[in-house]
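Please keep the structure in view while reading.

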Amino acid sequence: MTEHNTDRDYPESTIPPGGVEPAPRRVRGVLGGQVVFDTVRAQYVWEWPYYPQYYIPRSDVDPDVLVDEQHVQHLKHGTAQRHGLRVGDVERPRSARVFTGEAENGLAGTVRFDWAALDAWFEEDEEVFVHPRNPYTRVDALRSSRPVRIELDGVVLAESASPVMVFETGLPTRYYLDRTAVNFEHLEPTDTVTACPYKGRTSAYWSVRVGDELHTDLAWAYDFPTRQLLPIAGMVAFYNEKLDVIVDGERLPRPDTHFSR
């Protein structure tokens, strides 16, 4: 029997680190306006439980881009030669690992790129942000008629009877509310931009001021989310780790995630 963790009310990812699976989609990376690799033979490698990284066959990588730095590394999956990347005047030192014949799990002859070293990654023809989409993660945006109220220190920040609830494996439920349901008197816009592999790139962030205290970056919006999350377009969500969410009249416990810090 599987033990139920009563400290959370959402499912976690269960893929153990070290797992390797084929990725059944075309994957491309771009740097300096040039395609660095284009493959339909990428491997998913779970370096930690929450999402995989792509390992790309070296034969599908533009050889003129890799710069051998003559540095051998002994990594978890085997021995690798460290490389930099160069496209014209654009250089990314120490940003790729080319695995040799000593690599495990069929990863010999693959290249592991630092995600941030490339200007853009694509799965098929859609840009992907932050990291590969986990094939075992599900994200659903569902309309609801359950009343939701957002509060901080007793101040009501938003209230709606028509939220969109986003259920994402490994994260607490997020409650997206229409902007007309938000009390912007307490919200101050910031320049923060974040990205999510499932929802896209945020278009707005707000801090919350209650009295003399400013709580940084507690709310956000996606004006142009990915097509799978179109129901949240233009709506506002809040970190329920850092304030109070009341659903159906019941105050929910604040979840403890990496966003709580």
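Two strands are said to pair if DSSP finds at least two bridges between them. Strands themselves are DSSP runs (E, at least two residues), as helices are (H or I, at least four residues), and they are numbered from the N terminus. The model is predicted: local features need pLDDT of at least 70 and side-chain atom pairs count only at pLDDT 80 or more, whereas totals for chains, interfaces and linings use all residues. Residues are numbered from 1 along each chain as its sequence is written, and side-chain values use heavy atoms, with hydrogens and water left out.

The protein chain contains zero helices and 24 strands. Its C-alpha trace spans about 60 × 50 × 30 Å along the principal axes.

Strand β12 (residues 139-143) pairs with β15 in the antiparallel sense, over five bridges. Within this pairing, valine 139 has glutamate 168 of β15 as its bridge partner. Strand β15 is also joined to strand β16 (residues 174-176) by three bridges, and these two strands run antiparallel. Here valine 164 stands opposite tyrosine 176 in β16. Together β15 and β16 form a hairpin with five residues between them, and glycine 170 in the turn has a positive phi of about 90 degrees.

Another group of strands forms an open sheet. Its four strands follow the order β14-β13-β23-β24, and the pairing is antiparallel. The edge strands are β14 (155-160) and β24 (250-251), each of which pairs on one side only. Inside the sheet, strand β13 (residues 148-152) is joined to strand β23 (residues 244-247) by four bridges. Isoleucine 150 stands opposite valine 245 in β23.

The chain may now be considered as a whole. Of its 261 residues, 47% count as buried. Among contacts (heavy atoms within 4.5 Å) with a separation of 6 or more, 51% are between residues 24 or more positions apart. The accessible surface, computed by the Shrake-Rupley method with a 1.4 Å probe, where for residues only the protein chains shown count as cover, comes to about 13500 Å², and 48% of this belongs to carbon and sulfur atoms.

Technical notes: Buried means under 20% relative accessible area, exposed over 50%, partly exposed in between (1.4 Å probe, protein chains only).
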